[in-house]
Amino acid sequence: MTTTDSTTAPVADSRALGLAHYAARGVLERVLTRHGITFPQQVALRAATTVDAPRTPDDLVIQVRGSLKADPADIHATLDELLAKQLLVADGAHLRPTDAGRELIAAVGAETAPITARIWGGIPAEDLAATGRVLALVTERANAELAALIA
């Protein structure tokens, strides 16, 4: 039996956050596999498609690193993979998504939208707001700890 009673609900901690993340990522990765791309490729392609102007590879690496916390060399390799798949194209010193890249991001979004609605649907707005505040604080603190470890 599943319950959300505050006296029996699990306490939010790193394990609970990780389990939620990997469950949701597992769903997304199944969809991405059907479209022939990986999770890091999707993150990088999304970063390229959600900006108003084309970005340099270094700009995209910085943006993607902020999300994935991956090594810059690995992110550059991911961008190269997207270029090879013709989902990104070089435009002078910039990279821009191709029509195929934009269509892929749109197709993934359309396929995941009903799944996302089922996952998040029915959660009270006040719970989502509280969760959002806690996750923002956890992200801020974890980013600070990571920066201290890297420095």
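**Exercise 1.** Describe how helix α1 (residues 14–34) and helix α5 (residues 99–120) pack.

*Solution.* Start with the geometry. The two axes lie 10 Å apart, at an angle of about 150°. Angles over 145 degrees count as roughly antiparallel, so α1 and α5 are roughly antiparallel to each other. Their crossing is right-handed. Next, list the contacts (heavy atoms within 4.5 Å). α1 contributes V27, L28, V31, L32 and R34, and α5 contributes V108, E111, T112 and I115. Last, sort by class: this contact has 6 nonpolar, 1 polar and 2 charged residues.

This is a predicted model, where local features need pLDDT of at least 70, side-chain atom pairs count only at pLDDT 80 or more, and totals for chains, interfaces and linings use all residues. Residues are numbered from 1 along each chain as its sequence is written, and side-chain values use heavy atoms, with hydrogens and water left out.

**Exercise 2.** Work out how α2 and α3 are oriented to each other.

*Solution.* Take the axes of α2 (residues 39–49) and α3 (residues 57–68): they come within 10 Å and cross at roughly 130°. α2 passes α3 in a right-handed crossing. From α2, the contact takes F39, P40, V43, A44, A47 and A48; from α3, L60, Q63, V64, S67 and L68. The classes are 9 nonpolar, 2 polar and no charged.

**Exercise 3.** Decide whether Q42 is buried or exposed.

*Solution.* Locate Q42 in helix α2. Its relative accessible area is 6%. Buried means under 20%, so Q42 is buried. Then check its neighbours: leaving out residues up to four places away in sequence, Q42 touches L28, L32, I37 and I105.

Note on methods: Axes fitted to C-alpha atoms, helices over the stretch in contact; angles between N-to-C directions. Helix = DSSP H or I, 4+ residues; strand = E, 2+ residues; numbered from the N terminus. Parallel < 35°, antiparallel > 145°, perpendicular 65-115°, else oblique. Left-handed = near helix turned anticlockwise from the far one by under 90°. Nonpolar A, V, L, I, M, F, W, Y, C, P; charged D, E, K, R; others polar. Buried < 20%, exposed > 50% of the residue type's maximum accessible area, 1.4 Å probe, protein only.
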